[in-house]
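Please open your viewer and get ready to click along. We will go from stop to stop, and at each one you will hear what to select and what is there.

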Amino acid sequence: MKAENYVVLEFLSRSSNESFARMAAAGFAAQLDPTLDELGDIKTAVSEAVTNAIVHAYPDQLGKICMKMKILEDHVLEISIRDWGCGIADVERAREPLFTTGGEERSGMGFTIMESFTDRLRVKSAVGKGTTVSMRKRISQRLTGLR
């Protein structure tokens, strides 16, 4: 699908940048006139993806995170979050609910949450090279001005 509009952001894996990424995604998605529920879904999914990159990709160091957002045809929003961290050895296992490598304080629900708040979730990863999480969500088209 050809992008009708896009933006690329790059930021450090600092926890303070998670809220920036969430708000940037909401601002970009606003051009599609999402409902408050759709906007909440987008913010939640982005928050989980960026938090995963911060916590798991770079557990002991700062690294680079790249967020790409695209508006595709038919009101589809695509967001990808990429890191160049440690990677995921077993993506299928990592996508299982409650599985975590982050210790007791982590819930292991990140991918499950991303999947439940988007229409499509893809995860590509290579150990030592990083991970890319791509999500798509179709935003409903609302009729305005009709009575």
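Predicted model: local features only at pLDDT ≥ 70, side-chain atom pairs only at ≥ 80, totals over all residues.

**Stop 1: a bridge across the chain**

Select Lys137 and Asp41 and show their side chains. They meet in a salt bridge, with 3.3 Å from N to O. Now colour the chain by secondary structure: Lys137 lies in strand S5 (residues 130–138) and Asp41 in helix H2, so this pair ties together parts that are 96 residues apart in sequence. Are these two partners buried or exposed? Lys137 is buried, with a relative accessible area of 12%. Asp41 is buried as well, at 18%, because anything under 20% counts as buried.

**Stop 2: a network of charges**

Next, select Lys70, Glu78, Arg120 and Arg136 together. Salt bridges link these four residues in a network. Let us look at two of its contacts.

Start with Glu78 and Arg136, whose side chains meet in a salt bridge of 2.7 Å, N to O. This pair links distant parts of the chain: Glu78 is in strand S3 and Arg136 is in strand S5, 58 residues apart.

Then move to Lys70, which forms a salt bridge with Glu78; here the closest N and O atoms are 3.9 Å apart. Lys70 counts as partly exposed, at 31% relative accessibility, whereas Glu78 counts as buried, at 12%.

How many salt bridges does a search of the whole structure find? There are 6 in total.

**Stop 3: two rings**

The structure holds 1 aromatic pair. Phe11 and Phe20 form this pair in an edge-to-face arrangement, with 6.2 Å from centre to centre and 80 degrees between the planes. Phe11 counts as buried, at 8% relative accessibility, while Phe20 is partly exposed, at 41%.

**Stop 4: a charge over a ring**

Which residue has its charged end over the ring of Trp84? Select Lys64 along with Trp84 to find out. The charged end of Lys64 sits over that ring, 4.3 Å from its centre.

**Stop 5**

Select Asp33 and look at its backbone. Asp33 lies in the loop between helix H1 (16–29) and helix H2 (36–57). Its phi is positive, about 55 degrees, although Asp33 is not a glycine. This residue is partly exposed, with a relative accessible area of 38%.

Now jump to Asp74, in the loop between strand S2 (64–72) and strand S3 (76–83). Asp74 also has a positive phi, of about 65 degrees, without being a glycine. At 45% relative accessibility, Asp74 counts as partly exposed.

**Stop 6: cysteines**

For the last stop, select Cys66 and Cys86. Cys66 is buried, with a relative accessible area of 9%, whereas Cys86 is partly exposed, at 37%. How many disulfides does the structure hold? The count is 0.

Definitions and conventions. Residues numbered from 1 in each chain as written. Heavy atoms only, no water. Disulfide = S-S within 2.5 Å. Buried < 20%, exposed > 50% of the residue type's maximum accessible area, 1.4 Å probe, protein only. Helix = DSSP H or I, 4+ residues; strand = E, 2+ residues; numbered from the N terminus. Phe/Tyr/Trp six-rings, centres within 6.5 Å; stacked < 30°, edge-to-face > 60°. Lys NZ or Arg CZ within 6 Å of the ring centre and 35° of its normal.
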